[in-house]
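Work through the exercises below with the model open beside the text. Each task is followed by a solution in steps.

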Amino acid sequence: MSVFEYVWAGVLAVFLGPEAFNIFGFGIPITVLMIISGFLIGIFVGATPGLSGPFLMAVSLPILISVFGFTPDALLPVFGFLVGVMKGSTVGGAVPAILFNTPGTPDALMTTLDGYPMTKSGQAGKALRVAHFASASGDTFSDIVLFTCAPFLAIAVESYLGFTEKAALIILSLSFVAAVVGASPLKGLISGAFGIFFASIGTGEDNYSRLSFGTDFLANGIPLISAVLGVLILGEVFVSFEEMWHERRDANAPPEVPQSTDNSLSFAERRKLLPYIGVSAFLGTCIGALPGIGSTLAATLGYATGQKMHKGKIPFGKGAPEGVAATEAANSSVSGANLIPVLSLGIPGNVGAVFLILAADSIGGFNPGPSVFRFTTEEVNPELIIAFGLFASMAFANLLNWTIGAHFMRMVGIMTKVPKPVLMPFVLLLTLTAIYVQETTFDAVYFMLFFGVIGYLMRKLAIPALPFVIAFILAKTLETTIRQAFAVSDADPFFLFKSPLSVVFLALSIFVIVFFSRGKNND
Amino acid sequence: MFYRFIKTGIVIATLAASITVTNATEWSPSGPIKLMIAFRAGGGVDTQARLIAGDLQERHGWKIIPENLAGKGGAIMARTLKAEPADGLTIGMTVTEAITYSSIASRNAGYSVDDFTMLTTTTGSQMGLFAKTSRGWKTLPDLIAAIKGGQKITLGAMSPRLADGAYILARENGIDFTTVMVKGGKGALNGVLADDLDVGWGAGPQNKSVLAGDLVNLVSGESKPLKVSPDAPLLADFGVPYIMGAKFMFVAPAGLPEDARKVLTDAIIEVVSDPNTKVNAMINKAFSGVETISGSDLDKFMATLSAQDQALLDASSE
């Protein structure tokens, strides 16, 4: 098959895949249906303070897998839903930020700075349109970069990296995540080390289960999904329970402001926003491609850069549409670029990407990494078709964003009014159900409660959870690759320092930690 | 005329089938059957197990619940299955190697061949030592010559048993391999394709690329030549009297009553051998085709394999 045929096969796999149902003789493909529902639910969840896209992905993943099963046919519908959620929740996050000054997601924090002043001056509708336009443009830009870069990068990786270099590269990604996320690189490292420690239970080369104390409970290791959901979701739920305990939610709703009738966004206005969107989208994409630094930093940087560029009448922070555009373009352009390290190296860098890896890992038949982008001409490479199917899903979700996204954005403002004491127990129940549905054993639930407590303690001690999760996921690959690198070197104790490239990676790992420690101590 | 023959044939076949079914209904499961799968979802064992489970449900009305108990090269499933009651309501699908070699090789495996009632094998692997065609080696002697000429060769093996086999192959032929442990059936394939490894053991996944001409099987690890590479010599020709391949098989806990064993075995064989089932098509395409060894033949076969694996272990620890 030629490159074009692969792309086309991927597109067809999405749009002519198995049908969900028929409307007037037109079959609705299941993948398309999943993208649409993921996108719409994502907008609602993004708009709900206390919930986020990753949360929805975490809870829906086990349920999706139990519905679609473990065949490669399940990959695209499940990926489609996750992609829809990823894009929908980013758009949705801007809504409460603009309308009520309460950001739905942390990335939308900067959106409140100009979005809410616009609402107060009667321009809520315009602010929403600006946010949507910037968000959809940033998203498109990021997707294009992903489509063009990921295959190219993957092929480069495959030809230049051996076992040793791959091991060093994983170490580099882990130290990068540890250094960048959270308040101090040292806490990040502690979190990552914990992740590797827990992942080493019950795994390893030997037939005897490591660190299991001879018990059957630990013999099979800790289910990945229990650890990830426990630390990421349950930890957060426990913290909000505590917050609710301490403070009764003040019910002061922001006063309604009379809104201007002319809230359209003219072509000229859009053109004026374009430079801000372009710069932010570029920044967001670069940041998204690096592991560990998510959309929140992208939004902050995008806003700050926009502020420097800005010379208009209304200054940033007083209701400048450019401020909203700069923020939204930056945080939306992260999601596509996030997948570059996932698809080319198999290394997740951000929470959203973690769930795509988890999905691929649980379903099987798709192993993110260089082997995906093998353009075999004689034999069909099914993974490559899935990869292009994933790209097609992202493009379709982006199209949804351009077409119906704006209408839905205006509807979801109401989600801010859902009180936390109603929401959080619901989240807890849903998470526990989800884990039981996938693992069908109570051990998995006990493990998750344990990791929920760990997640809670980590938040109390300001230790970031993301390095833990990423280290937990990468630990197995890291161990295997290190063992392989060691074997290939004929048992040379200095095997990691024999290749110039791996020395560079290792030096960089130390450099990142030192660099970020210094920067943060000076603050 | 011709059609009448076929019709008669079909009638006779149906009658024969119904007779065997009537005879076989002496024992029937008193509840749902739990089918433990020793490897992860999506692999060769898992795919076969789920296809067979579907056909068994359809033909006999049994309720079968497949469950993956992957890990430690099949040892996790073996340990769990061993502890289940031998009432025919819990069976497992695994590979011969996980029952024989794994239980002997590890210090405290927690199970042995005697802990199981063997039901039947379904098919066998197509184990070959493969390399990229572009390296220019046609069969094993070319590789041996290259190593003797001073090339350092890395070899990917997915199980300790295959690593042992490679060690003996090297020792008997006066060469050295640098053996690298890889994960799963695709580990060696990816390693060789990405030029991280020079050669690798493959149980069958390599054969698509062999047919496409990208890879070549240098030697067969089976007792017979490989289907896709009939010209590749056998390991036995190079001083390795051990079979590196494995068979896929169904097992139950030890002490399963004879009537239950027979009913379950016959039912599985019937599904696997029927050319109209998906599992039949799958094992013909990906593995060695239908190979059903059952009953006392299988007991003998497993005893031979155990003795062979013990000899392999002894030979590689000399």
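**Exercise 1.** Determine how strand β5 (residues 128–132) of chain B and strand β9 (residues 215–220) of chain B pair, and over how many bridges.

Solution. Step 1: β5(B) and β9(B) pair in the antiparallel sense, over five bridges. Strands here are DSSP runs of E with at least two residues, helices are runs of H or I with at least four residues, and both are numbered from the N terminus. Two strands count as paired if DSSP finds at least two bridges between them.
Step 2: within this pair, B:G128 stands opposite B:S220 in β9(B).
Step 3: β5(B) also pairs in the antiparallel sense with strand β8 (residues 199–202) of chain B, over four bridges. There B:L129 stands opposite B:W201.

The model is predicted; local features need pLDDT of at least 70, side-chain atom pairs count only at pLDDT 80 or more, and totals for chains, interfaces and linings use all residues. Residues are numbered from 1 along each chain as its sequence is written, while chains are lettered from A and ligands numbered from 1 in the order in which they are written.

**Exercise 2.** Is β5(B) largely enclosed or open?

Solution. Step 1: a residue is buried if 20 or more other C-beta atoms lie within 10 Å of its own, exposed if 12 or fewer, and partly exposed in between, with C-beta atoms placed from the backbone.
Step 2: four of the five residues of β5(B) are buried, so the strand is largely enclosed by the rest of the structure.

**Exercise 3.** Give the strand order of the sheet in chain B and find its edges.

Solution. Step 1: five strands form an open sheet with mixed pairing, in the order β7-β6-β8-β5-β9.
Step 2: β7 (178–181) and β9 of chain B are the edges; each has a single partner strand, so one side of each has no neighbour in the sheet.
Step 3: direction ignored, neighbouring strands of this sheet are turned by 30 degrees against each other on average.
Step 4: strand β6 (residues 154–157) of chain B runs parallel to β7(B), joined to β7(B) by four bridges. In this pair B:G156 stands opposite B:V180.

**Exercise 4.** Which strands of chain B does helix α20 (residues 466–488) of chain A lie across?

Solution. Step 1: α20(A) lies across β6 and β7 of chain B and runs at about 175 degrees to β7(B). Axes are lines fitted to C-alpha atoms, for helices over the stretch in contact, and angles run from 0 to 180 degrees between N-to-C directions.
Step 2: the contact between the chains takes 22 residues from chain A and 26 residues from chain B, where contact means C-beta atoms, placed from the backbone, within 7 Å. On the side of chain A, α20(A) gives the largest share, five residues.

**Exercise 5.** Describe how helix α3 (residues 53–68) of chain A packs on helix α18 (residues 420–439) of chain A.

Solution. Step 1: the axes of α3(A) and α18(A) are 8 Å apart, at an angle of about 35 degrees.
Step 2: the crossing is left-handed, that is, the near helix is turned anticlockwise from the far one by less than a right angle (clockwise would be right-handed).
Step 3: residues of α3(A), including A:V59 and A:I63, meet residues of α18(A), among them A:L430 and A:A434.

Methods
Contact = placed C-beta atoms within 7 Å.
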